[in-house]
Amino acid sequence: LLQKAFLVLATARQLFEEVKKVRTDVIYSPNGVVYEHFAGRTSFEGQAIPNDLQPVLSKNKPVIGYYGALARWFDYALLKKCAELRPEYQFVLIGPDYDGTLDPAGVFSHENIHWLGVKQYVELPIYLHYFDVATIPFIVNDITHAVSPLKLFEYMAAGKPIVITPMRESLQYEGLLVAQTPEEFADKLDQAIKLKNN
């Protein structure tokens, strides 16, 4: 009786289907976004560019961005290969080295990959504003298929073109560019840059 007193939400369809076997009253409730926090593109005009982002922007090259935890589910191999395939692109990573996988992944040997560390939630929109393309390059597996990335909705609210790997929960949304291999991902980045003002 006490168990039924608690409401159960699942943010991804795969989780919903699994929980439904145990709790038929489970509610599918995907993540959302505080739209106004990320959508004010013009409100950033005139604001100072963050100091750690200035050296990246001074190169006058496309900025490919990601923010969020850097952990074992992040596809470092895909990132490194894309950085090699598109040496003119500047890849910006923002977020914590969640499980110590960042340094061993060898991303710092690439001059066009920049880790800016952890930022406060209130700071994310200004960094996102300067991304030409926003990305979610996760390794595709059972865990990431069952994830509804909050950053996806924040990227959308900011009006950014988005390139992702084919995670099941994210595939239901229109307008995303999806790629599995590094070569496909690099091609989708090219396509996204052409769409950045669309």
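Reply: **Contacts first**

Leucine 152 touches Ile136, Ile162, Ser170, Tyr173 and Leu176, leaving out residues up to four places away in sequence. Contact here means heavy atoms within 4.5 Å. The model is predicted: local features need pLDDT of at least 70, side-chain atom pairs count only at pLDDT 80 or more, and totals for chains, interfaces and linings use all residues. Residues are numbered from 1 along each chain as its sequence is written, and side-chain values use heavy atoms, without hydrogens or water.

Leucine 152 sits in helix α7. Helices (H or I, at least four residues) and strands (E, at least two) are DSSP runs, numbered from the N terminus. Leucine 152 has a relative accessible area of 0%, so it is buried. The cut-offs are under 20% relative accessible area for buried, over 50% for exposed, and partly exposed in between, with a 1.4 Å probe and protein chains only. The C-alpha atoms of leucine 152 and isoleucine 164 are 9.1 Å apart, and the two residues are twelve apart along the chain.

**The helix**

The cover extends beyond leucine 152. Six of the eight residues of α7 are buried. They are Lys151, Leu152, Phe153, Glu154, Tyr155 and Ala157. Their cover includes α2 (35-39), β3, α5 (124-129), β6 and β7. Just after α7 comes glycine 159, with a positive phi of about 75°.

**The loop partner**

Serine 170 is one of the contacts of leucine 152. Serine 170 lies in the loop between β7 and β8. Its relative accessibility is 1%, so serine 170 counts as buried. Setting aside neighbours within four places in sequence, serine 170 contacts Pro149, Leu152, Ile164 and Leu176.

Strands of a sheet pair through backbone hydrogen bonds, either parallel or antiparallel. Here six strands form an open sheet in the order β5-β4-β3-β6-β7-β8, and the pairing is parallel. Its edge strands are β5 (113-115) and β8 (177-178), each pairing on one side only. Helix α7 (residues 150-157) packs on this sheet and touches β3, β6 (133-136) and β7 (162-164). The direction of α7 makes about 140° with that of β3. Axes are lines fitted to C-alpha atoms, for helices over the stretch in contact, and angles run from 0 to 180 degrees between N-to-C directions.

Take β3 (residues 63-67) next. Five of its five residues are buried, so β3 is largely enclosed by the rest of the structure. Val63, Gly65 and Tyr67 lie on one side, Ile64 and Tyr66 on the other. Both faces of β3 are covered.

Strand β3 pairs with β4 (residues 90-94) in the parallel sense, over five bridges. Pairing requires that DSSP finds at least two bridges between the strands. Valine 63 has glutamine 90 of β4 as its bridge partner.

Strand β4 is also enclosed. Five of its five residues are buried, so the rest of the structure largely encloses β4. Gln90, Val92 and Ile94 point one way from β4, while Phe91 and Leu93 point the other way. Three bridges join β4 to β5, and these strands run parallel. Leucine 93 has tryptophan 115 of β5 as its bridge partner.

Asparagine 60 falls in the loop between α3 (54-57) and β3. Its relative accessible area is 68%, so asparagine 60 is exposed. Asparagine 60 has a positive phi, near 55°, and is not a glycine.

**A helix pair**

One more packing site: α4 (residues 76-85) and α8 (residues 182-194). Their axes come within 9 Å and cross at roughly 60°. Helices α4 and α8 are therefore oblique to each other. Angles under 35 degrees count as roughly parallel, over 145 as roughly antiparallel, 65 to 115 as roughly perpendicular, and the rest as oblique. Leu78, Lys81, Cys82 and Leu85 of α4 make the contact with Pro182, Glu183, Phe185 and Ala186 of α8. By class, that contact has six nonpolar, two charged and no polar residues. Ala, Val, Leu, Ile, Met, Phe, Trp, Tyr, Cys and Pro count as nonpolar, Asp, Glu, Lys and Arg as charged, and the others, Gly among them, as polar.
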